[in-house]
Amino acid sequence: MSNTKTLHPRNFHNNRYDFTTLIKSQDSLKEFVKPNKYGDLSIDFANPEAVITLNKALLSHFYGIKNWEIPKGYLCPPIPGRADYIHHIADLLALSNNGKIPKGKAIKGLDVGVGANCIYPIIGVSVYGWQFLGSDIEKSSIESVLNIINSNEILKENIKVLQQENPSNIFVNIINKDEKYDFTLCNPPFHKSLDEALAGNKRKVQNLTKQKSTKSALNFGGKNNELWCEGGEIVFIKNMIKESLAFSKNCLWFTTLVSKKENLPFIYKALKDLKAVEVKTIEMAHGQKISRIVAWTFLPKDEQKTWAKNRVN
């Protein structure tokens, strides 16, 4: 078990946002920036348009992404937390590589549920030079990611996307039998129903604005499959674990975010039942929110080392 009280040390976003510098990268951000009650420059984080514009500035300034748009109503991810996941995966890959983080196109990751925003692949490509396949069940999400890729030279040739035609499948029809992936990552839908998702969003808005909200709209975006699925997070992850066994030799590390701590015992049991060789839990703290990555592999230590040696670094 690894504990992290702040963002990962390699995370670009450990310091407060420098809005003056960010505005230089994204001029449209200036209309949303004003002094907060403490006299510091900030934005209204309860305003989705302001958050999307901040994301554009962060992606431009830190990651070299000059063109990033997502369709209206889709999930707008907080970039610092997404970056943390990528940096922790880099540390995970270093374990079987003599402590050295492997970089470059030889490293391939699969983002399960890439969404319309493509954030994880963007960060992985920009920071570590890795290659990615992104999968999603939504055709419109795939089209959005293709637009982002084709609008940024750095992403071309480094990110591919594939639609998962069967919503019940996760790796089936995505990973071919002769393909190798160094890792998979996933930010699973964690609500069990649309009503639960709406209630969660309402709480989020109230926490940000400190005012009681009666709005049921998903202010921060998110289509149904991004926010909820039948049975919620635990059912989705247990299905993922079950499917991962069939691809045990195709992937070094399978990983997923787990937002609900109470789901961990069920996840550990599922992994034990399938005889996962190694399981790791990495805690991440983003402000008041604690989440964690659970990672598992079916490869013994010697096979992990061989896997690393066979990479072309």
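Valine 112 stands opposite serine 135 of β4. The model in which this pairing occurs is a predicted one. Strand β3 (residues 108-112) and strand β4 (residues 131-136) run parallel and are joined by five bridges. Both strands belong to an open sheet of seven strands, whose order is β5-β4-β3-β6-β7-β9-β8 and whose pairing is mixed. The edges are taken by β5 (159-163) and β8 (278-286); each has a single partner strand, so one side of each is left without a neighbour in the sheet. On average, and with direction ignored, neighbouring strands of this sheet are turned by 20° against each other.

Two helices that pack on the sheet were examined for direction. Helix α4 (residues 119-128) touches β3, β4, β5, β6 and β7, and its direction makes about 180° with that of β4. Helix α9 packs on the sheet through β7, β8 and β9, with an angle of about 5° between its direction and that of β9.

Isoleucine 282 has isoleucine 293 in β9 as its bridge partner. The two strands form a hairpin with two residues between them, and glycine 287 in the turn has a positive phi of about 65°.

Helix α8 (residues 232-244) comprises 13 residues and reaches 19 Å from its first C-alpha to its last, close to the 18 Å expected at 1.5 Å a residue. Its buried residues are Gly232, Glu233, Ile234, Phe236, Ile237, Met240, Ile241, Glu243 and Ser244. In an α-helix, residues three or four places apart point the same way, because there are 3.6 residues a turn. The cover over the buried residues of α8 includes β6 (181-186), β7 (251-258), α9 (264-273) and β9 (289-297).

Aspartate 84 is located in helix α3 (residues 79-94). This residue counts as buried because its relative accessibility is 0%, against a cut-off of under 20%. With residues up to four places away in sequence not counted, aspartate 84 touches Thr6, Leu7, His8, Asn11, Met284 and His286. Aspartate 84 and arginine 10 are 74 residues apart in sequence, and their C-alpha atoms are 8.4 Å apart in space.

The count of aromatic pairs comes to 13. In one of these, tyrosine 17 and phenylalanine 19 have ring centres 5.8 Å apart and planes at 70°, so the pair is edge-to-face, the cut-off for this class being over 60 degrees. Tyrosine 17 is partly exposed, with a relative accessible area of 26%, whereas phenylalanine 19 is buried at 4%. Tyrosine 128 and tryptophan 130 form a stacked pair, with 4.7 Å centre to centre and 15° between the planes. Both tyrosine 128 and tryptophan 130 are buried. One aromatic cluster is formed by Phe171, Phe247, Phe254, Trp296 and Phe298.

Terms used. Residues numbered from 1 in each chain as written. Predicted model: local features only at pLDDT ≥ 70, side-chain atom pairs only at ≥ 80, totals over all residues. Heavy atoms only, no water. Helix = DSSP H or I, 4+ residues; strand = E, 2+ residues; numbered from the N terminus. Expected span 1.5 Å × (residues − 1). Buried < 20%, exposed > 50% of the residue type's maximum accessible area, 1.4 Å probe, protein only. Contact = heavy atoms within 4.5 Å. Phe/Tyr/Trp six-rings, centres within 6.5 Å; stacked < 30°, edge-to-face > 60°. Pairing = 2+ DSSP bridges. Axes fitted to C-alpha atoms, helices over the stretch in contact; angles between N-to-C directions.
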